[in-house]
Each structure stands twice: as structure tokens, then as C-alpha cells.
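Subject: Handover of a structure and notes on it

Dear colleague,

Please find below the structure that I am handing over to you.

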Amino acid sequence: MLQKLIDKIEKYNSSDSITVIKNAYEFAYKAHNGQKRQSGDDYITHPYEVANILADLNLDNVTIAAGILHDVVEDTIYTYDDIKDEFGEEIAMLVDGVTKLGKLEYTTKEEQQAENLRKMFIAMAKDIRVILIKLADRLHNMRTLKYMPEKNQREKASETMEIYAPIAHRLGISTIKWEMEDLALRYLEPKEYYELVDKVAKKRQEREEYINSVIEQLRERIHDVGIEAHIEGRPKSFYSIYRKMFKQNKSFDQIFDLTAVRIIVETVKDCYGALGIVHTLWKPIPGRFKDYIAMPKPNMYQSLHTTVIGPDGQPFEVQIRTWEMHRTSEFGIAAHWKYKEGKDSLTDFDEKFTWLRQMLEWQNEIKDTREFMETLKIDLLVDEVYVFTPKGDVIDLPVDSTPIDFAYKIHSHIGNKCVGAKINGRIVTLDYKLQNGDIVEIITSANANGPSRDWLKIAKSNHTKNKIRQWFKKEKKEENVLKGRELLEREVKRHGYASSILLKPEWLETVAKKFSLHSVEDLYSSVGYGGLSANQVILRMKEEYKKVFKVEDKDIVAELEKLQKPEIKKKISSTGVKVKGIDNVMIRFARCCNPVPGDEVFGYITKGRGVSIHRKNCPNANEFLQEPERLIEVEWSEATKSSYNADVEIRAYDRKGLLVEITTIIDESKININSFSSRTTKDRMAIISFVLEIHDVEQLNKLIRKFKKIEGIVDVFRSKQ
């Protein structure tokens with residue numbers, strides 16, 4: 001078994017001694033002797049396969065040895081010092097960076113996950129190979145996930161999709177990213193995944209014949225002009241197809257680019273020459289050409305992308321790149337990492353990984369576990385927008401960034417002195433959302449008083465928000481303390497408690513320590529400058545209240561229900577919906593589907609009760625379609641301010657504290673609960689139903705997305721479908 005790994009390594013790295021690999025394997029074999037995987041295999045198969053994945057990335061022998069040893073400290077009697085004594089500090093540091101924090105008590109599983117990730121990012125900043133080992137470890141675990149219980153499968157798959165696949169993308173390692181996403185989709189959406197696999201398989205022969213004919217035409221024309229090129233078809237990953245169907249609301253039959261054509265040439269000049277040939281053979285689709293050679297992605301990806309109308313009118317994508325660009329596309333940072341050259345740092349790539357340094361900056365500021373996890377997922381998943389400085393330098397920012405984000409990306413001083421901005425020579429407001437290709441000029445003033453607190457709501461990137469918070473933290477400590485105390489007292493009243501009861505000094509001190517703050521004054525200050533929200537602190541204060549008064553979760557839920565403001569239910573105004581061509585008509589909203597603004601709706605003319613409004617996917621829609629003469633076109637009024645009832649059902653693995661987390665999210669979203677019921681099945685599955693008072697479907701969908709991030713949630717949906 002070991003010889004196969006050695007043969008693979010020697011194909012690309014014959015100069016280094018293979019002894020360290022052999023010694024690491026023997027050490028790990030001895031350490032894990034007697035241990036079994038869930039599959040029943042000897043445990044050593046896991047570190048061996050991790051090493052194989054690292055070898056596929058053409059990594060150095062030290063990294064592969066550390067990959068073989070990565071679980072020794074965590075799962076055996078051997079310690080960090082044992083690894084250091086046997087293999088040296090370099091390998092020991094890599095193993096330690098991947099090892100989870102052990103023997104520490106955490107309040108929740110989420111808190112433990114967050115702290116493990118913090119540790120990993122710190123180690124990753126010192127040595128990027130830490131994350132390469134962790135990605136290989138996670139990929140093999142995903143390949144063998146079928147042996148885990150269903151609950152663990154969903155948890156691991158969700159974490160992989162939200163954390164590890166995005167990290168692989170940020171590092172440019174597409175081979176790992178694609179496989180992780182496909183494996184995660186298999187366990188998160190099994191029905192959709194296997195349907196997709198079946199549909200792709202049925203179309204494979206037809207698709208391959210089409211692409212092969214395209215490749216033959218290309219090969220002939222490119223050869224005629226003297227360009228040496230390798231041309232191949234690249235099938236789209238299952239997750240890419242699923243995501244496109246989901247985001248663009250398309251059926252499988254509407255996805256034409258199941259396979260792209262990839263052209264790999266020797267030089268950049270040949271890339272543009274090949275592009276010219278493609279565009280003479282087939283018409284390009286306007287707006288679908290992207291030049292990532294002139295403007296590489298932050299993860300170093302370079303290529304030309306164009307979509308053309310091919311034979312029979314079918315569109316397909318063509319990617320054109322050099323062999324060096326191709327290596328970078330497949331292996332990302334692993335294709336360039338400097339340890340191959342005997343250097344001990346990645347300074348040449350510092351600019352490419354500023355996101356990692358920024359992540360370390362704000363993760364030190366964010367003390368709340370839930371906020372850390374939420375912010376981390378947003379930071380990793382966010383898409384980029386590319387803009388220019390007046391001098392022509394390219395700046396990458398998160399999509400929906402504003403001039404404020406741009407200013408702080410250039411320098412903190414520029415951000416603090418910002419008073420305005422020009423986009424393409426025209427003055428814009430500071431909440432303007434930057435578009436690809438914008439030329440951004442920041443207007444500053446020496447007399448500026450610093451950032452405004454409102455900027456925290458306008459800024460998109462966590463880097464920007466962190467810099468603004470730092471300014472307020474440093475410049476206005478006393479003001480922050482007063483503001484923080486005021487915000488906490490206001491939040492206490494909103495939750496229905498008396499300040500004298502909930503804001504006890506001893507509880508405040510305990511909560512301050514939980515957020516890694518030195519004093520109650522620091523806690524007030526943090527709330528004042530926006531480092532913590534008042535609601536985050538009050539939720540922790542409630543935990544202290546619960547411990548002292550022995551209040552059960554169900555009692556807290558009942559209490560939260562009582563705290564819902566007893567507003568008089570608003571009668572739905574007829575201005576909420578407009579009937580095309582008719583004024584002053586009686587309108588009522590159907591209870592069978594409870595439509596809300598943003599839903600696709602239709603009107604049904606009733607007998608004597610005006611027009612009833614239904615969602616297009618109403619369970620009774622087929623009955624109404626039997627009487628097409630009674631159907632009428634309706635649309636939502638933009639001016640509506642009404643509230644609407646929405647039925648939401650949550651299914652989750654029952655556990656202590658589940659209802660508290662759910663109702664807290666509803667409370668934070670400032671949404672009223674009109675009714676509520678719950679039950680638990682024999683297999684400990686909690687089924688919770690709410691009727692919520694909301695303004696539109698966007699507000700409801702945002703709430704549902706938040707619910708889905710709660711630990712143990714299996715499904716969330718509108719119950720009246």
C-alpha cells in the first residue's frame with residue numbers, strides 16, 4: 001500500500017528523500033494500531049488516503065508526512081512533543097495546526113466548532129500547508145460519509161458546503177472544491193442529487209457527440225493557424241448544475257452548458273489567438289465574455305471565458321488558458337507554494353490572501369460564537385466585484401460593497417477621512433453599490449470627524465466594519481460606555497424584564513468574561529461601538545437568569561410568547577393587491593395558501609365575496625383552473641404597508657434549547673408570532689408550526705435561511721404549499 005504512494009510522489013518529486021514518508025507511515029501505523037473506522041477498515045487507511053490526496057496536489061514530503069500523522073495527537077496516546085522529538089518542529093507544527101482543541105469545556109457544539117476554526121485559521125496564517133492537510137482530511141471523510149449516521153452526515157455535509165468548499169475556492173483548488181460540493185449535495189439533497197445524476201447520465205452520449213464535433217472543428221482551425229493546443233470537454237459538476245437550476249429557476253432541460261470546451265495552449269498570445277478563432281467559427285453571446293487573464297480572480301485563477309451559439313443553435317462555454325494557468329486552476333496555492341523552492345514563507349502571495357489576514361483581524365474582535373460562525377460563512381461564500389482606482393489598479397471587494405468599503409480597503413486613514421465619493425467621475429452617495437468596472441475616487445477632508453455609526457449598516461465587508469469599530473473603540477470610550485448601557489437597558493425592557501433584575505453586576509461580569517472582555521465597562525463599551533449587539537448580551541444574561549431561577553426552556557418560550565406586543569391585528573387593505581382593469585373591488589386573501597407580497601399570485605372571482613387572492617402554487621390551484629373564466633390577473637401594490645400571515649413549519653432533531661434559539665431569531669427579526677404549536681414524534685423529531693406576521697416574501701425567506709443555520713434543523717418550509 002505504501003509503495004503506491006511512494007511511486008506517485010517520485011513521479012513529481014524524485015529529488016527529496018522519501019525516508020520521512022516511510023517513518024511517518026510506520027509511526028502512524030503503530031499509533032493507530034487496533035483502531036477502526038466506522039466502515040470497519042483499519043484506521044491507518046484514513047491518514048494513508050489523506051496523504052494520497054496531498055500527493056495528487058504534488059505537495060512536498062514534509063506536508064505529506066504531516067498528513068499521515070495528522071490524527072496521531074488527537075486520537076492516540078502520543079503528544080505534540082512526541083511528534084516534535086521524532087520528526088522535528090516543522091512537521092509537529094503542521095500536525096498541531098490541524099489538531100482540534102481537546103479537553104476543554106464548551107457551552108455548545110457551535111462554540112467548540114468556532115474555537116477549532118479560530119485555531120486553524122491562526123495556524124493557517126503561519127503556514128498555509130495546515131489548511132491543505134485539513135482540506136485533504138475533510139475530502140476523504142466526505143468520500144466515506146456513507147458509513148456515518150444520517151444526522152452526522154447532514155452536519156458534516158453542511159459544514160463542508162459552508163466552510164471547507166469555500167476555503168478550497170478561495171485557495172483556487174478547484175479539484176477539491178468541486179468534489180466536496182458534489183459529495184455534500186448528495187447528503188444534503190439526496191433526492192435532487194440522484195435525479196440529477198440520472199438525467200445527466202441519460203444525456204451523456206448525446207452531449208459527448210455534440211461536444212466532440214465542436215472539438216474537431218476547433219482542432220482543425222487552430223491547427224491551420226499553427227497554434228499548438230490541447231482541446232478537451234469539461235463536464236459541469238452536479239452541484240454547479242443544481243445551483244444554476246436553483247438560482248435561475250430553470251429546469252434541467254433548460255441547462256445547455258452541461259459540458260464546456262477547454263483549450264490549453266503554450267502562451268498568452270496563443271490564448272487570444274484561439275479566442276479569435278472561436279469567435280469566427282461561432283457567434284459570441286453579448287455580455288458572456290470574461291477576461292480573467294488581464295484581471296485574475298483573487299485566488300489567482302486565470303483564463304478566458306466566452307459563451308457562443310454553436311451548431312444547432314445550442315450555446316456552450318469555451319475556456320482558454322495556458323498550461324501554467326491550468327495548473328493554477330486545478331491546484332491553486334498548491335501549484336505555487338514556496339516550500340518547493342526552499343523558502344519558509346508565502347510573501348510573494350501576500351496580496352492574494354489578504355482575506356486571510358483580514359479574517360484574523362475581525363475574528364479577534366468578534367467574541368460571540370454565533371456571530372463568528374455567521375460572519376465566517378458570509379465572508380467565505382461572498383462573491384467579488386472588481387473596481388478600479390483612478391490610477392487603474394484593480395481592487396476586489398465583496399459583491400454589493402460601497403465606496404466606504406473601497407476607502408477602507410485602500411487605507412484606514414482614507415476611510416476615516418472619507419466625506420464623499422465619485423464613480424466614473426460622477427458624485428454618488430456613500431451607500432451606492434459598486435459595479436464591475438467602476439472607477440472609484442474617494443473624496444477626503446482633513447476636517448472630517450471620523451466615520452459615522454450608520455456606516456456599519458452601509459458597509460458590506462467585515463474588514464471595513466472591523467476598522468470602523470476600532471475607530472469608535474479607540475476614540476470615544478466614554479461615549480461608548482454610556483451608549484452601551486443605554487442600549488442594554490432599552491433591550492432589557494424590550495424583552496420584558498426590569499433592569500434591576502436582569503442587569504445584575506455579578507451576571508454582567510460573568511457575561512463579559514464569556515465574551516473575553518476584561519470588565520463590565522468594556523462590555524458596555526463594546527455594545528456602544530457595535531462590537532457586540534445588545535441582543536447578544538441580553539441572551540447571555542437570560543442564560544444566567546435561567547441558571548439561578550431554574551427556569552426550563554419551555555417556560556422561556558412561553559414567556560417569549562407573552563412578550564409579543566399585543567398589537568391589534570390589522571385588517572388586510574385592498575390596496576395590498578391591484579386587480580388589473582378594475583378599481584374598488586372587494587379583495588380577500590385565501591387562507592388555503594396565505595399569499596404574501598413577492599409571491600406569484602392570481603385572482604379568482606368568487607360568488608358574492610369579491611376576488612380571492614391565491615398563490616400560483618396553491619394546493620387548490622387545479623380546482624380553480626377548471627373555471628378559467630373566473631380567473632383574473634392581479635399584482636402586488638408597491639405602496640402596501642400591510643402585514644400578512646405566513647405559515648411556517650420547522651422540522652428538527654429535538655434537543656434542549658431548540659425553541660429558545662428559534663424564537664430568539666424571530667424576536668431579533670422584529671416579527672410577531674400570531675400562533676404557535678409544537679409536537680415531538682416517537683423518533684424524537686420536533687415538528688414546530690408558527691403563524692408569523694410578515695410584510696413580504698423576502699422578509700420571510702430571509703427568516704427561513706436563518707432558521708436553516710440552527711444546529712439540528714432538518715427542514716423549514718411554508719406549511720401551506
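A residue is called buried when its relative accessible area is under 20%, exposed when that area is over 50%, and partly exposed in between, as computed with a 1.4 Å probe on protein chains only. Helices (H or I, at least four residues) and strands (E, at least two) are DSSP runs numbered from the N terminus. This is a predicted model, in which local features need pLDDT of at least 70 and side-chain atom pairs count only at pLDDT 80 or more, while totals for chains, interfaces and linings use all residues. Residues are numbered from 1 along each chain as its sequence is written, and side-chain values use heavy atoms, with hydrogens and water left out.

Helix H18 and the sheet

Six of the eight residues of H18 are buried, so this helix is largely enclosed by the rest of the structure. The buried ones are Pro403, Ile404, Asp405, Phe406, Ala407 and Tyr408. H18 (residues 403–410) lies across S9, S10 and S11 and runs at about 80 degrees to S11. For such angles, axes are lines fitted to C-alpha atoms, for helices over the stretch in contact (heavy atoms within 4.5 Å), and the angles run from 0 to 180 degrees between N-to-C directions.

These three strands form an open sheet in the order S10-S9-S11, with antiparallel pairing; two strands pair if DSSP finds at least two bridges between them. Strand S10 (426–428) and strand S11 (440–444) are the edge strands, each pairing on one side only. From one strand to the next, the twist averages 35 degrees. Strand S9 (residues 418–423) pairs with S11 over five bridges in the antiparallel sense, and Lys422 stands opposite Glu441 in S11.

Aromatic rings

The structure holds eleven aromatic pairs. Rings of Phe, Tyr and Trp (its six-membered ring) pair if their centres lie within 6.5 Å; planes under 30 degrees apart count as stacked, over 60 as edge-to-face and the rest as tilted. Tyr25 and Tyr48 are edge-to-face, because their ring centres are 6.5 Å apart and their planes are at 75 degrees. This pair links distant parts of the chain, with Tyr25 in helix H2 (residues 19–31) and Tyr48 in helix H3 (residues 45–56), 23 residues apart. Both Tyr25 and Tyr48 are buried. The rings of Phe27 and Tyr78 have centres 4.8 Å apart and planes at 55 degrees, so that pair is tilted. Phe27 counts as buried, at 14% relative accessibility. Tyr25, Tyr29 and Tyr48 form one aromatic cluster.

Charges also sit over rings, which requires NZ of Lys or CZ of Arg within 6 Å of the ring centre and within 35 degrees of the ring normal. Arg485 lies over the face of Tyr524, 4.5 Å from the ring centre, and the charged end of Lys504 sits over the ring of Trp507, 5.7 Å from its centre.

Nonpolar cores

A nonpolar core is a set of buried Ala, Val, Leu, Ile, Met, Phe, Trp, Tyr and Cys residues joined through side-chain atoms within 4.5 Å. The largest has 71 residues, of which Leu5, Ile21, Leu69, Leu135 and Ile176 touch the most other members. Helix H9 (residues 129–143) gives the largest share of this core, eight residues. A second, separate core of 35 residues includes Val601, Val634, Trp636 and Ile704.

With kind regards
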